[in-house]
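Subject: Structure handover

Hello,

Here is the structure we talked about handing over. Please open it alongside this note and follow the residues as you read.

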Amino acid sequence: MATDPRRRPEQTRGANRVRSAWREQVESYLTHHRKVARDSARRLGRTPVASLMTWTVMGVALALPVALLLLLTSLQGVSAGWENSARVTAYIDLEVPLEQARELRDEMAADGRIASVELVDRDQALKEFRASSGLEDTLDYLEENPLPHTLLVTPEEGARSAEGVEALVRFMEGMEGVERVQVDLGWLQRLNAMTDLLARAVWALAILLAAAVVLVIGNTVRLSIESRRDEILVAKLVGGTDSFVRRPFLYTGAWFGLGGGVVALILLQLSLWWLSGPIERLAGLYRSDFSLNGLNFDGALALIIVAMLLGWLGAWVAVKRHLDDMEPGDITGG
């Protein structure tokens with residue numbers, strides 16, 4: 001059966017009409033969002049003092065945990081540097097001859113967790129001790145050398161953590177001929193335990209302050225909802241959906257979050273500038289390269305995004321709670 005050629009243009013025009021209608025709906029949707037966003041920003045600009053106070057509260061609440069996290073990151077970087085310089089000392093039994101000590105050195109060097117092993121024989125150790133101690137005359141009265149052969153072990157980079165060094169110490173202590181293994185990691189373990197505790201405390205504080213930010217934004221938006229109650233009821237009366245009514249307040253929360261994030265960044269930079277001088281002087285006294293590092297671009301962007309999400313969440317909670325209580329009949333109910 002032949003197809004009528006006159007039907008093809010009609011089908012094409014119908015498809016074009018559907019695509020055009022879909023495109024118009026998308027453009028109308030985006031245009032409304034832009035309009036609502038601009039109107040929400042203008043409303044905040046009409047009350048600059050109240051908006052600035054809310055931004056300041058948010059900025060302080062956001063800057064405090066971020067500053068503590070930056071401090072912990074700097075401390076962890078310093079402790080990682082100390083871990084990298086950790087070296088394990090193995091003292092060999094006095095009865096072990098030099099040749100067997102060399103075999104122990106080669107056996108340790110073959111372990112994949114060890115970067116290098118240096119053997120300090122007992123004669124060399126006594127010579128160095130004689131030169132550094134200033135007890136040459138006293139040492140001459142010794143009948144024999146009391147110092148053992150010593151192995152200075154440098155762990156591989158992957159084994160320079162506290163757990164890795166502990167495992168390496170257990171391995172070396174189990175070797176025949178090794179009398180004692182010494183490594184001073186107690187202070188490093190205490191530092192790591194303290195930083196872990198502080199990290200958990202900071203995250204707990206961050207969660208509490210984030211909840212406080214959500215409540216502050218929610219309360220601010222609630223006041224805005226109450227001031228525009230009649231406007232909301234009229235919009236519902238003429239058929240406005242909940243999403244249509246909710247949209248301006250969500251943008252208000254997002255603008256509050258954006259302002260709070262910017263204030264937090266300003267507070268962080270001012271704090272770093274104020275503390276950098278004393279910290280550098282203190283680090284210089286201890287011959288340390290410790291320094292406080294600020295947020296990079298990705299970190300600043302993440303802070304802004306999190307602040308906007310918290311503002312949006314606070315506005316959504318407030319709108320969800322109070323919008324359901326408003327019905328169009330309330331406008332005439334008195």
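Below is what was found, from the overall make-up down to single residues.

**Ground rules**

This is a predicted model, in which local features need pLDDT of at least 70, side-chain atom pairs count only at pLDDT 80 or more, and totals for chains, interfaces and linings use all residues. Residues are numbered from 1 along each chain as its sequence is written, and side-chain values use heavy atoms, with hydrogens and water left out.

**Overall make-up**

The protein has 11 helices and four strands. Both are DSSP runs numbered from the N terminus: helices are H or I with at least four residues, strands are E with at least two. Of the 334 residues, 34% count as buried. Buried means under 20% relative accessible area, exposed means over 50%, and partly exposed lies in between (1.4 Å probe, protein chains only). Take the contacts between residues at least 6 apart in sequence: 83% of them join residues at least 24 apart. A contact here means heavy atoms within 4.5 Å.

**Annotated segments**

The unreviewed UniProt entry carries the annotation "transmembrane region" for residues 52-72, 197-218, 254-275 and 295-319. UniProt positions are given in the numbering used here, feature names are shortened, and such annotations may be inferred rather than shown by experiment. In the model, residues 52-72 are 100% helix and 0% strand, with end C-alpha atoms 30 Å apart. Residues 254-275 are also 100% helix and 0% strand. Their end C-alpha atoms are 31 Å apart.

**Two nonpolar cores**

A nonpolar core is a set of buried Ala, Val, Leu, Ile, Met, Phe, Trp, Tyr and Cys residues joined through side-chain atoms within 4.5 Å. The largest one has 28 residues, and Leu-62 and Val-221 touch the most other members. The biggest contribution is from α10, with seven residues. Leaving aside neighbours within four places in sequence, Val-221 is in contact with Phe-249, Ala-315, Ala-318 and Val-319. Another core lies apart from the largest one. This other core has 19 residues, among them Ile-114, Val-169, Met-172 and Val-181.

**Helices with a buried side**

Which residues of helix α8 (residues 229-237) are buried? They are Ile-232, Leu-233, Ala-235 and Lys-236. Seen down the axis of α8, they fall within an arc of 160°, so they line one face of the helix. The arc is that of the directions from the helix axis to the C-beta atoms. Asp-230 and Leu-237 are exposed on the other side of α8.

Helix α3 (residues 98-109) has 12 residues, which at 1.5 Å a residue should span 16 Å. The expected span is 1.5 Å times one less than the number of residues. The end C-alpha atoms of α3 are 16 Å apart, which agrees. In α3, Ala-101, Leu-104 and Met-108 are buried. They cover an arc of only 55° around the axis, which puts them on the same side of α3. An α-helix has 3.6 residues a turn, so residues three or four places apart point the same way.

His-149 sits in the loop between α5 (136-139) and β3. At 5% relative accessibility, His-149 counts as buried. Beyond four places in sequence, His-149 touches residues including Ala-90, Tyr-91, Ala-101 and Val-120.

Next comes Thr-150, in strand β3 (residues 150-155). Thr-150 counts as buried, at 10% relative accessibility. A polar atom of the Thr-150 side chain lies 3.5 Å from the backbone oxygen of Pro-148.

Tyr-91 is in strand β1 (residues 88-92). Tyr-91 is partly exposed, with a relative accessible area of 23%. The side chain of Tyr-91 makes a polar contact with that of Gln-182 (3.5 Å). A polar contact is a pair of N or O atoms within 3.5 Å; within protein, one must be able to donate a hydrogen and the other to accept it, and residues adjacent in sequence count only if both atoms are side-chain atoms.

Lys-35 lies in helix α1 (residues 7-46). Lys-35 and Pro-248 are 213 residues apart in sequence, yet 9.4 Å apart in space, C-alpha to C-alpha.

Best wishes
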